[in-house]
There are 2 protein chains.
Amino acid sequence: MATTPFPLTDTLATAGETGTVAGVTPAFSPLYQQIKVLILQSLQAGEWKPGELIPSEMDLAARFRVSQGTVRKAIDELAAENLVVRRQGKGTFVATHAEHHVQYRFLRLMPDSGDANSEGPAERQIIDCKRLRAPADIARPLALRTGDAVLQLRRVLAFQGTPTILEDVWLPGGPFKGMTAERLATYRGPMYALFETEFGVRMVRAGEKIRAVAADAASAELLKVPVGEPLLSVERIAYTYNDLPMELRRGLYRTDTHHYKNELS
Amino acid sequence: MATTPFPLTDTLATAGETGTVAGVTPAFSPLYQQIKVLILQSLQAGEWKPGELIPSEMDLAARFRVSQGTVRKAIDELAAENLVVRRQGKGTFVATHAEHHVQYRFLRLMPDSGDANSEGPAERQIIDCKRLRAPADIARPLALRTGDAVLQLRRVLAFQGTPTILEDVWLPGGPFKGMTAERLATYRGPMYALFETEFGVRMVRAGEKIRAVAADAASAELLKVPVGEPLLSVERIAYTYNDLPMELRRGLYRTDTHHYKNELS
DNA sequence: TAGTGGTCTAGACCACAGG
DNA sequence: CTGTGGTCTAGACCACTAC
């Protein structure tokens, strides 16, 4: 199929001429990148839901009228970004936070001995959950305007009886309309899985800023440490598709029995 | 060239039969993985030095008697691991820490405003540099025996006049024979670049464990903070080829004007 | 103009999963 | 047995760099 030399050139964004006539940016992108964007749009539009099987490489190649190898390269990049998961013999699936193999995909806190799975699931306790108008320092990172409605959640995670993480979570009121403390408390599984299934919001990547701070009175009581105890302060902004921020999270981690693990390359 | 159907099968590790006769592990690896290992061995053996050009994909394909596409896939993975750098129109180069584009490839500490380049180079001050016999807690992470010779270095990094990082570095005595405080003090550029050029040791990846701790008297004085001030404790183990640990580094970071930045996906 | 990496195609075969 | 992703090949052409 597709005997034309440049199958998509007139269907998709052609991008500047070869000679870069006068364009500021070349604005050229290879075919497989354009295919990647198309698949991304289908993911974003919910054509295939988290956990579901997407069409085979051959089907997608036919749909976009390119060769299977070109689709393959597009999917390779999506898989590298953890947006889809390939399973040989089965197909390619939309990634999800609901796989119980890795319960907290973005949590880098590890017990000092053993791995994340060796200590069992965290005990979760919701301290507070309320709706409020976003102050400036909350609105900004969420790309909202000051005063917009946001949902604030405070909770404690304990491992083997020891409270270890105290975190505040802020969510934009719009996409998370209908969220309640009840729903959060009764849900088994990662918070991000609930976001997917109940609100159609998929967290795709995140950035964290880490600092060392001293425990204040409130934090100290909840984490059962002395006031002034050094704690790891972890501010996370999580993004959906299109780099849209969808969650702000400020966590305090005890690092007496756990540590934040990071791999560099 | 290479009209045989399985060019490398009898030259390289054939790996178990298709049926997985009785092997515990399949021990099968695709051709491009075997090529990758061969290129890796050449890198490790120093056939091409850091910063140098490696043979073209066509040359390597001829050398290993495989197609260009297979070599390409091997190099793709090496590039993804930051072991080599591809430059279109020029060739593929061995990665190095000496490129002044990124002065500290493994340092994740960023100024709160602006990027890493906006504050200029760090001012370095060597506090101490001595040879000693490794205690158990130093020998272990470096895969040495207790009592083996190691080199210990203590230094302070300051940004715009503010001392921000205090770190102790331990290096195995063998590979770093001849290292002196003088050499370290006079060298311009990243420490890892010196390791490459003077000792032929290339740091390829690293792992970090991060904690929050309180400044003790000695640290407080060197970093000019009050005793008890919360500091980020960053323990890094850096590895050469073959996952061989070659450096242990324990750093204390001030996080009042800087933060540790991490990207999750 | 020559050589390099980058893209795209088409077709073959292998490994794996499931009916 | 079929269909999926995974590997490998061969050849074409494009984009960039340097001489």
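Analyst: Let us begin with one term, since a salt bridge here is a side-chain nitrogen of Lys or Arg within 4 Å of a carboxyl oxygen of Asp or Glu. Please keep in mind throughout that this is a predicted model. In this structure, Glu263(B) forms a salt bridge with Arg205(A), and the closest N and O atoms of that pair are 3.9 Å apart.

User: How many salt bridges does the rule find across the interface of chain B and chain A, and how many residue pairs are in polar contact there?

Analyst: The rule finds four salt bridges across the interface of chain B and chain A, and, counting pairs in which both residues have pLDDT 80 or more, it also finds 19 residue pairs in polar contact. On the side of chain B that touches chain A, β8 (205-214), β9 (230-239) and β11 (258-264) each supply at least two residues, and β8(B) gives the most, with ten residues. By class, the residues on that side of chain B divide into twelve nonpolar, seven polar and eleven charged.

User: What area is buried between chain B and chain A, and which three residues of chain B supply more of it than any other three?

Analyst: Buried area is the accessible area that two parts lose on being put together, summed over both. Between chain B and chain A this area is about 2,600 Å², of which carbon and sulfur atoms give 48%. Asn262(B), Leu264(B) and Ser265(B) supply 27% of the area that chain B buries against chain A, more than any other three residues. Counted by contact instead, 30 residues of chain B meet 30 residues of chain A.

User: Turning to helices, at what angle do the axes of α2 and α3 of chain B cross, and which residues of the two helices meet?

Analyst: Angles of 65 to 115 degrees count as roughly perpendicular. The axes of α2(B), residues 57-64, and α3(B), residues 68-80, come within 8 Å and cross at roughly 110°, and the two helices are therefore roughly perpendicular to each other. Glu57(B), Met58(B), Leu60(B) and Ala61(B) in α2(B) meet Gln68(B), Val71(B), Arg72(B) and Ile75(B) in α3(B), a contact that has five nonpolar, one polar and two charged residues.

User: How do helices α2 and α3 of chain A pack?

Analyst: In chain A, helix α2 (residues 57-64) and helix α3 (residues 68-80) pack at an angle of about 110°, with their axes 8 Å apart, which makes α2(A) roughly perpendicular to α3(A). The contact of α2(A) with α3(A) has five nonpolar, one polar and two charged residues, including Met58(A) in α2(A) and Ile75(A) in α3(A).

Note on methods: Residues numbered from 1 in each chain as written. Chains lettered and ligands numbered in written order. Predicted model: local features only at pLDDT ≥ 70, side-chain atom pairs only at ≥ 80, totals over all residues. Heavy atoms only, no water. Axes fitted to C-alpha atoms, helices over the stretch in contact; angles between N-to-C directions. Helix = DSSP H or I, 4+ residues; strand = E, 2+ residues; numbered from the N terminus. Parallel < 35°, antiparallel > 145°, perpendicular 65-115°, else oblique. Contact = heavy atoms within 4.5 Å. Nonpolar A, V, L, I, M, F, W, Y, C, P; charged D, E, K, R; others polar. Buried area = accessible area lost by both parts, 1.4 Å probe. Polar contact = N/O pair within 3.5 Å; in protein donor to acceptor, adjacent residues only side chain to side chain.
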